[in-house]
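Me: I would like to go through the labels on this model one by one. For each, I want the value, the cut-off and the conclusion.

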Amino acid sequence: MNSKQIVSAVSVAVLLIILLYPTLSTGAVSMTLKSNRIGNADHVYVTLRDVWAHQTGQSESQGWIILSNTSKTLDLVSLQSTTVLIDSKLPVGRYDSVRVDLANATWVYAGTITTLQLESTQLSSKLDFTVTASRGVPLSLMIGGFQETLQGQKFLSVSLNTSLLDTSS
């Protein structure tokens, strides 16, 4: 081989690595969102801003990778019987938590609409999972909440529970 052929072969190899590495170094993650039963509400609207996953071994303030950054307004009451699905990609690796960022809470009951403060705009839940390039990871996010009044202000207290979905059946 002459030097031009060697340079061409190396260039093709580098180009293939650049093109294929992102595909091979990420894995599919799908999330279903559901809600626990919420009493004394016809609708409970919240805006889901971002969903994050935390890399194992990173500090709590670092290591967060975004799964979804599309704002969605969800009715937690209707999520009791329906499911919202989010498909995303994450870098291959181990993860130990999922976080959801929320904004804007509105409670509707018996024709009365009440804008609520959020007790917390960030909900996180511990969940150990591994993302590989060869197999998708199905996650289930269960959001629950209730209205409470503290010092004359109305708040929405929201909880998040996460789990891996069993896809063996």
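**Labels and their grounds**

Reply: Let us start with T32, which lies in strand 1. The model is a predicted one.

Me: What makes T32 buried or exposed?

Reply: T32 has a relative accessible area of 15%. Buried means under 20%, so T32 is buried.

Me: Which residues does T32 contact, leaving aside neighbours within four places in sequence?

Reply: T32 is in contact with T83, V84, L85, L139, S140, L141 and L165.

Me: T26 is also placed in strand 1. Why does T26 get the label it has?

Reply: The relative accessibility of T26 is 22%. Buried needs under 20% and exposed needs over 50%. The value for T26 falls in between, so T26 counts as partly exposed.

Me: What does T26 touch, and how far is T26 from A41?

Reply: Beyond neighbours within four places in sequence, T26 is in contact with K89, L90, P91, V92, T132 and A133.

Me: Where is L160, and what makes L160 buried or exposed?

Reply: L160 is in strand 10, residues 153-164. The relative accessible area of L160 is 7%. The limit for buried is under 20%, so L160 is buried.

Me: Which contacts does L160 make outside four places in sequence?

Reply: L160 is in contact with V98, V100, L123, S124, S125, L141, M142 and I143. As for V84, 76 residues apart from L160 along the chain, the two C-alpha atoms are separated by 15 Å.

Me: Which residues touch the most other members of the largest nonpolar core?

Reply: That core has 37 residues. M31, L33, V51, F129, L139, L141 and L156 touch the most other members. Strands 1, 2, 5, 6, 7, 8, 9 and 10 each supply at least two residues of the core. Strand 6 gives the largest share, 6 residues. In soluble globular proteins, nonpolar side chains tend to be buried together.

Me: What does V51 touch, not counting residues up to four places away in sequence?

Reply: V51 touches M31, I65, I66, L67, S68, I86, V98, R99, V100 and L141.

Me: S68 is in that list. What makes S68 buried or exposed?

Reply: S68 is found in strand 3, residues 64-68. The relative accessible area of S68 is 9%. Under 20% means buried, so S68 is buried. Not counting residues up to four places away in sequence, S68 touches R49, D50, V51 and I86.

Me: How many aromatic pairs are there, and how are the rings of Y95 and F129 arranged?

Reply: The count comes to 1 aromatic pair. The ring centres of Y95 and F129 are 5.4 Å apart, and their planes are at 20°. A pair needs centres within 6.5 Å, and stacked needs planes under 30 degrees apart. Both conditions hold, so the pair is stacked. Y95 lies in strand 6 and F129 in strand 8, so the pair ties together parts that are 34 residues apart in sequence. Both residues are buried.

Me: How do you know that R99 and D101 form a salt bridge?

Reply: The closest N and O atoms of R99 and D101 are 3.2 Å apart. The cut-off is within 4 Å, so R99 and D101 form a salt bridge. The structure holds 1 salt bridge.

Me: What makes R99 and D101 buried or exposed?

Reply: The relative accessible area is 11% for R99 and 4% for D101. Buried means under 20%, so both R99 and D101 are buried.

Me: Where does the charged end of R99 sit?

Reply: The charged end of R99 sits over the ring of W64, 4.6 Å from its centre.

Me: What is the phi of N40, and what is the phi of N104?

Reply: N40 has a positive phi of about 55° and is not a glycine. N104 also has a positive phi of about 55° and is not a glycine. Most residues other than glycine have a negative phi.

Me: Where are N40 and N104, and why do they get their accessibility labels?

Reply: N40 lies in the loop between strand 1 and strand 2. N104 is in strand 6. The relative accessible area of N40 is 56%, and N104 has 55% relative accessibility. Exposed means over 50%, so N40 and N104 are exposed.

How values were computed:
Residues are numbered from 1 along each chain as its sequence is written. This is a predicted model: local features need pLDDT of at least 70, side-chain atom pairs count only at pLDDT 80 or more; totals for chains, interfaces and linings use all residues. Side-chain values use heavy atoms; hydrogens and water are left out. Helices (H or I, at least four residues) and strands (E, at least two) are DSSP runs, numbered from the N terminus. Buried means under 20% relative accessible area, exposed over 50%, partly exposed in between (1.4 Å probe, protein chains only). Contact means heavy atoms within 4.5 Å. A nonpolar core is a set of buried Ala, Val, Leu, Ile, Met, Phe, Trp, Tyr and Cys residues joined through side-chain atoms within 4.5 Å. Rings of Phe, Tyr and Trp (its six-membered ring) pair if their centres lie within 6.5 Å; planes under 30 degrees apart count as stacked, over 60 as edge-to-face and the rest as tilted. A charge sits over a ring if NZ of Lys or CZ of Arg is within 6 Å of the ring centre and within 35 degrees of the ring normal. A salt bridge is a side-chain nitrogen of Lys or Arg within 4 Å of a carboxyl oxygen of Asp or Glu.
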